[in-house]
Amino acid sequence: YKSLSIIDFWRKWHITLGRWIRDYVYIPLGGSREGELKKIRNVIIAMLFTGLWHGVGFTFILWGLIHGLMLAVNHQWRRLNIKLPALLSWFITFMCVVSCWVVFRANSVDDALKILAAMFDLRNIRMPVQLLRGKKLLVIASAVVFFFPNAIQIISRFKPRIAYAVIIFFLAVMSMMNF
């Protein structure tokens, strides 16, 4: 959820499914080899298959179609080489992904539209003080999620050391001895 584009989101999200769809749907369709219009078509078809992989309900297919369209728009945006501020890029990507999860999880398209309408109804926005009252844990958790490294970022910087192995061994022995 820290991605700055929908392309970046899909490179990080569900990597094994993304690779399978790329290798067995997108590339056999021609990938990006046959011109820009066919590339866009192939991206959208591949994402439709991603939606079908999750289920045969219309909401899953619609979810895949929306992601395919967002990816197509993002690819075209990159061709224009226009840079947005990182915070704005993140916000747009986050809102698009979260909105698509509503479609993904809804029982019907009608339900999804009702939820999305409520989400984006400006009358539902409260003053920040009212919003934060009683939600301190949510604010702290959000700060941790957005401002601290996630597990993948931590692991990418991890350097194995003997001291870590000794500490882990010690903790494992302690847990087995019920301390």
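**View 1. Order of elements along the protein chain.** From the N terminus on, the elements run α-α-α-α-α-α-α-α-α-α. The protein chain has ten helices and zero strands, where helices (H or I, at least four residues) and strands (E, at least two) are DSSP runs numbered from the N terminus. This is a predicted model, in which local features need pLDDT of at least 70, side-chain atom pairs count only at pLDDT 80 or more, and totals for chains, interfaces and linings use all residues. Residues are numbered from 1 along each chain as its sequence is written, and side-chain values use heavy atoms, with hydrogens and water left out.

**View 2. Histidine 14 in the loop between α1 and α2.** Although not a glycine, histidine 14 has a positive phi of about 45 degrees. With a relative accessible area of 30%, histidine 14 is partly exposed (buried means under 20% relative accessible area, exposed over 50%, partly exposed in between; 1.4 Å probe, protein chains only).

**View 3. Asparagine 81 in the loop between α4 and α5.** Here the loop joins α4 (58-80) and α5 (86-105). Asparagine 81, which is not a glycine, has a positive phi of about 60 degrees. Asparagine 81 counts as exposed, at 57% relative accessibility.

**View 4. Extent and burial of the protein chain.** The C-alpha trace spans about 60 × 45 × 35 Å along its principal axes. Of the 179 residues, 24% count as buried. Among contacts (heavy atoms within 4.5 Å) between residues at least 6 apart in sequence, 63% join residues at least 24 apart.
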